[in-house]
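Let's take a walk through this structure together, one piece at a time. Keep the picture in view as you read.

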Protein chains: 2
Amino acid sequence: MTYSFSNLSKNIRRSEIREILKWTRKPGLISFGGGLPDSDLFPLKEIADITKEVLDTKGYLALQYGQTKGEPEMVQALCQHMQEFGDDAACENVCVVSSSQQGLDLLSMLFLDDQTPIIVEMPTYLGALQAFRRHNANMIGISMDNDGMKMDELEKTLSESEKQPRFIYTIPDFQNPSGITMSVERRNQLIAIAEKYGVPIVEDSPYRELRYIGETLPSIWKLSGGKNVIMLKTFSKILFPGMRMGWVVAEEEIIDKFVVLKQSVDLCTPSFNQLILASYIEKGMMKETIEKAKKCYKPKKDAMLKSLEKFMPPGVRWSKPEGGMFLWVELPESIDTKEIFMTAIEHDVAYVIGAPFYHDGRGKNTMRLSYSFPSLEQIREGIERLAKMVKSIL
Amino acid sequence: MTYSFSNLSKNIRRSEIREILKWTRKPGLISFGGGLPDSDLFPLKEIADITKEVLDTKGYLALQYGQTKGEPEMVQALCQHMQEFGDDAACENVCVVSSSQQGLDLLSMLFLDDQTPIIVEMPTYLGALQAFRRHNANMIGISMDNDGMKMDELEKTLSESEKQPRFIYTIPDFQNPSGITMSVERRNQLIAIAEKYGVPIVEDSPYRELRYIGETLPSIWKLSGGKNVIMLKTFSKILFPGMRMGWVVAEEEIIDKFVVLKQSVDLCTPSFNQLILASYIEKGMMKETIEKAKKCYKPKKDAMLKSLEKFMPPGVRWSKPEGGMFLWVELPESIDTKEIFMTAIEHDVAYVIGAPFYHDGRGKNTMRLSYSFPSLEQIREGIERLAKMVKSIL
């Protein structure tokens, strides 16, 4: 008996990063790998108390089937949360999703046909590339500098494009993997260019609330007046990932399409998880947690930057993020971070290789470092090890 | 600005049933609509206690990212659960999914191309039809009698098929919507025919544990020795739907494909929910809950059958389920249950129209009645109202 599979299933690749991350289980190794939030921040007691309260007061709802668009309490709470961070959205503009990754998946199903052109940043989020690649999208990459996606390159690409791209995918705040934030000027340019060429913007925004330096920039959703923008949000980085909860923000006609599609994908996101997190937001605890997270991550980021300054040899460059969880390192072009990965493991330190974050596999001399999970001491020690390893192969 | 959508998105239809179910919110109306478990069965206190225990003892795991295949504790607990109901499966044969609907969605992505032929029962589960239709499958229907799918018709169809169907989709136990159970003889015939023509079997099995009369039949998974069968399971009917948790059982090579695909779909199912339910099973509470559910639903089924006998006019036929949540009613062929739906609403009773459960929209004279949610008194009263309405239009 041989099973026959779909053509689509041939586009599915096992994540190269997941494959090599298994080496990071080596005892004593310090990993700057996965973008895991620091589990010391998890409000365990608060969640246990709220769960009890939810089950006591509306357990029949919490454990029953819910609405595909999301429980009304949750949708309302999400609007409250966004308002607290400067974003206006009405309940009609929101659909709850079972993780931001599901948002990317639904987005891909709604917009992508075989070889549909779309615009992505170089580098960009691996999970997005996985979803887009599964739909066999024709990804067109735009370079970035310290102010985010280069707008002259974007405009040139759009003006020369034979087929109109279906959307422009950007992570404007503390981008994963680069740590770069798009300036306000660029955001406004992006909106104008997208408008001119009639291409919607997808604003993936998992880290926006986690700014450690300077003023929070207005979201593209906000600057555009909620037109022509689909925003993806998640609890995974600002609270915890273990409940797999995200939400999509868009014009009502687009939200309707997400909802109808989601019916056949998973019917609804767990009501149990929604009612717990809705209560957490309503009680004002979300804002507190985010403040704590910022206090936890800022010194970690500073420690990583300081250690890089102190230990890295000349010829190595890195980004200077103002928030989020990641920074991006460029080694001299002669070095392939995949080839030297096992050398790093021998030095008891791990990173994520950079090439998989490029739609076309370039960036072989790059790596992503995450500072959110390891302790301050591990960050200092780990960067010293990493620098020693880099020096050993230069 | 106009958005351009994918071709696939054109196959997405808003569920006709969901549209008409909004009428059932009328005060005083008795609904035999959605397949909701009785919320009086939900173990609220037990879940609150277990949640506290999970957060106390392994909260860092429960709220962190989990493994795509499922948390090891959960996979182990699922094997234990299946064993208790006569099914052997090793951990390698199991992948946790975020609802059985996600199982259907992943299955569709893995197996279906445009116009891929597949075999479905007539009638069959609406959520499966939605998923298969979204992938534009070429669905071929096989009739059923009181012993399930007709094997002579299946063999004839397979022998005459130009293109080999990718799978045979069946719900052998207390089928949704018909309430019919496939006999052991038919199960063995199905395995032999599937083997002969080299077509895998998809065994959707949400209700199997809920048998009220007679002996539990061996699953197709069991009878086949775990070869050539993909089994879909869920907690939604045997415990509660609010945590959106299901699992897929199949040969290891197939499970690997589900896992890799699931990475780009939602990364993983909530660890929080998995660790809670794993503990619920480990403590032996699942078996107890199922016993309670059977004691709750059996009298409801009996009451519905008795009331149908008592009140329905001649010319109306219905199935006599031995378990599950549904029974199937056939009115005289001249009657269209969609056309008379509003008349039923006027009589303060609601059902689900039957045609959407057929891949080709036939069965206009049929309806599905669910007895799991309403009380015994509501069942008696509701069937009397329904019978009165049917008499009024005959």
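Helices (H or I, at least four residues) and strands (E, at least two) are DSSP runs, numbered from the N terminus.

Some housekeeping comes next. This is a predicted model, so local features need a pLDDT of at least 70 and side-chain atom pairs count only at pLDDT 80 or more, while totals for chains, interfaces and linings use all residues. Residues are numbered from 1 along each chain as its sequence is written, and chains are lettered from A and ligands numbered from 1 in the order in which they are written.

How confident is the predictor? The pLDDT is its confidence in each residue, from 0 to 100. Chain A averages 95, and 100% of the residues score at least 70. For the complex, the predictor gives an ipTM of 0.95 and a pTM of 0.96.

The buried ones are B:L126, B:G127, B:A128, B:L129, B:Q130, B:A131, B:F132 and B:R134. After α5(B) comes B:N136, which has a positive phi, near 55°.

Let's see where the two chains touch. Counting two residues as in contact if their C-beta atoms, placed from the backbone, lie within 7 Å, we get 65 residues of chain B against 66 residues of chain A. On the chain B side, the elements giving two or more residues are α2 (44-62), α4 (100-111), α5 (126-134), α9 (252-266) and α10 (271-282). α2(B) gives the most, with 9 residues. Sorted by class, that side of chain B has 32 nonpolar, 23 polar and 10 charged residues. Here Ala, Val, Leu, Ile, Met, Phe, Trp, Tyr, Cys and Pro count as nonpolar, Asp, Glu, Lys and Arg as charged, and the others, Gly among them, as polar.

α10(B) also has a helix partner within its own chain. Helix α3 (residues 72-84) of chain B packs against α10(B) at an angle of about 35°, with the axes 9 Å apart; axes are lines fitted to C-alpha atoms, for helices over the stretch in contact, and angles run from 0 to 180 degrees between N-to-C directions. From α3(B), the residues B:E73, B:M74, B:A77, B:Q80 and B:H81 meet B:Q274, B:L275, B:L277, B:A278, B:I281 and B:E282 of α10(B). That contact divides into 6 nonpolar, 3 polar and 2 charged residues.

On to the strands. Strands of a sheet pair through backbone hydrogen bonds, either parallel or antiparallel, and two strands are said to pair if DSSP finds at least two bridges between them. Strand β8 (residues 229-234) of chain B is mostly covered, with 6 of its 6 residues buried. On one side sit B:V229, B:M231 and B:K233, and on the other B:I230, B:L232 and B:T234. Which strands flank it here? Strand β7 (residues 201-204) of chain B runs parallel to β8(B), joined by 4 bridges, and B:V202 stands opposite B:I230. Strand β9 (residues 246-249) of chain B pairs with β8(B) in the antiparallel sense, over 4 bridges, and B:K233 stands opposite B:W247.

Further along chain B, 4 strands make an open antiparallel sheet in the order β10-β11-β14-β13. Its edge strands are β10 (317-318) and β13 (352-353), each pairing on one side only. β10(B) and strand β11 (residues 326-330) of chain B are antiparallel over 2 bridges, with B:V329 as the bridge partner of B:W318. β11(B) is mostly covered, with 4 of its 5 residues buried. β11(B) also pairs with strand β14 (residues 366-370) of chain B, antiparallel over 5 bridges, where B:R368 is the bridge partner of B:W328.

Last, look over at chain A. There, 4 strands form an open antiparallel sheet in the order β10-β11-β14-β13. β10 (317-318) and β13 (352-353) of chain A have a single partner strand each, so one side of each is left without a neighbour in the sheet. Finally, A:W318 stands opposite A:V329 in β11(A).

Definitions and conventions. pLDDT is the predictor's confidence in each residue, from 0 to 100. A residue is buried if 20 or more other C-beta atoms lie within 10 Å of its own, exposed if 12 or fewer, and partly exposed in between; C-beta atoms are placed from the backbone.
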